[in-house]
Structure formats: C-alpha cells, structure tokens
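Trainee: Please take a close look at one part of this model, the disulfide and what surrounds it. Where does it sit, and what does it join?

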Amino acid sequence: MIQHLRLALGATAVVLLSACAAKMPPAARATQIEQAQCSNGAAQDDMRLLQSAEILRAEPLYAHVHTNDTDEERVNGATLVISAPEGVSADKLAQLLQCHSAAALLGQIDRSKFSDDPTWLPNAWLDIDVKPQAGNFAVTLSANTLARNLQVLHRATAFADTHRSWRAQ
C-alpha cells in the first residue's frame with residue numbers, strides 16, 4: 001500500500017513539473033536549458049560538429065486528431081533527416097541543437113545568419129528530439145501551436161532546400 005502511494009505521489013509530481021515547464025515563458029525555458037546543458041565557450045566547438053552533418057531532407061510531422069466525429073491530420077512540426085556527424089551520439093546532437101536553440105532565442109548569436117534555421121522561433125520554445133534512423137539521425141522539431149508548427153515546417157523545408165549543410169550558414 002505504501003509503495004503504491006509513493007508511486008502515485010511520484011507520478012503526480014512528474015505531471016505537475018511537466019505542466020509547469022509547459023507554461024514557462026520561452027526565454028525562461030531557454031535560460032534553464034542553457035544553464036543545465038550548455039557549457040560556456042562550447043558553442044564554437046558545437047557548431048563545428050554540426051557543420052559535419054549533411055541535411056538530407058525535411059518532412060512534415062503529423063498528429064492525428066479526432067474532432068466532431070472526423071479524423072484529421074494536423075502538422076505537428078517537422079523532421080529533419082541528417083547524416084550523423086562523426087563521433088556524435090543522438091543524445092549529444094539533441095543537446096547541441098537545444099543549446100543552439102536556446103542561444104538563438106536568447107539573442108546570444110547573430111540570428112540574421114540563421115533566418116531560416118528551423119531549430120528556433122522568435123518568442124517560442126521548440127521541443128527537439130533526435131533518434132537514430134538507418135545510419136542517420138531524425139531530428140524532430142515541434143512547437144506548442146499549429147501556427148508555430150507550420151512555421152517550423154516551412155523553415156525546415158527551406159533550410160533543407162537551400163543549405164544541405166550547416167556550413168552554408
């Protein structure tokens with residue numbers, strides 16, 4: 001009985017903490033990520049690692065939504081498929097992209113160089129996840145609204161079409 005109570009309390013705490021994180025302003029979330037995951041001075045080294053990745057394609061990410069007795073597919077962000085940078089794990093790449101996103105959102109990098117960069121949006125926090133996919137990485141990017149997810153998809157598609165490499169920036 002006590003073990004079940006502990007489990008229930010732990011689950012409740014996780015739900016409350018994730019709810020608080022979801023309501024956190026984007027700049028505060030970026031600051032939190034930067035402090036927890038991003039080492040000072042590593043940005044240049046991180047960008048060099050990213051520069052060895054080739055962008056293969058961008059794809060829409062869909063969510064299936066049931067409304068008024070109909071099923072719809074709505075854009076829920078984008079997936080960038082990139083070649084795996086040598087010596088970089090999926091977790092490390094996710095961290096690099098989240099740190100880059102946080103720095104862009106906080107104005108710590110020249111955002112004009114990254115105008116179509118899909119890893120950040122002005123005044124919005126993006127969820128970034130990286131998974132191995134057939135020797136490459138699938139980088140999923142999603143925001144909290146349909147309008148922002150459409151922006152992410154547009155930027156990801158433009159980025160993949162024009163850059164094919166992080167070097168092109």
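Mentor: What follows starts with the model as a whole and then turns to the disulfide. The model is predicted, with local features needing pLDDT of at least 70 and side-chain atom pairs counting only at pLDDT 80 or more, while totals for chains, interfaces and linings use all residues. Residues are numbered from 1 along each chain as its sequence is written, and side-chain values use heavy atoms, with hydrogens and water left out.

The protein chain has five helices and four strands, where helices are DSSP runs of H or I with at least four residues, strands are runs of E with at least two, and both are numbered from the N terminus. In sequence order the pattern is α-α-α-β-β-α-β-β-α. The chain has 169 residues, of which 36% count as buried; buried means under 20% relative accessible area, exposed means over 50%, and partly exposed is in between, with a 1.4 Å probe and protein chains only.

A search of the whole structure gives one disulfide, the term being used for a pair of cysteine sulfur atoms within 2.5 Å. The bond is between Cys38 and Cys99, with an S to S distance of 2.0 Å. Its torsion about the S-S bond is about -100°, so the disulfide is left-handed. Cys38 is in the loop between helix 2 (26-37) and helix 3 (43-51), and Cys99 is in helix 4 (residues 90-105), so the pair ties together parts that are 61 residues apart in sequence. Cys38 is buried, at a relative accessible area of 17%, and Cys99 is buried too, at 12%.

Next come the helices. The axes of helix 2 and helix 4 come within 9 Å and cross at roughly 135°. Axes here are lines fitted to C-alpha atoms, for helices over the stretch in contact, and angles run from 0 to 180 degrees between N-to-C directions. The two helices, helix 2 and helix 4, are therefore oblique to each other; angles under 35 degrees count as roughly parallel, over 145 as roughly antiparallel, 65 to 115 as roughly perpendicular and the rest as oblique.

Thr119 belongs to the loop between helix 4 and strand 3 (127-133). Thr119 and Cys99 are 20 residues apart along the chain, and their C-alpha atoms are separated by 9.9 Å. With 1% relative accessibility, Thr119 counts as buried.
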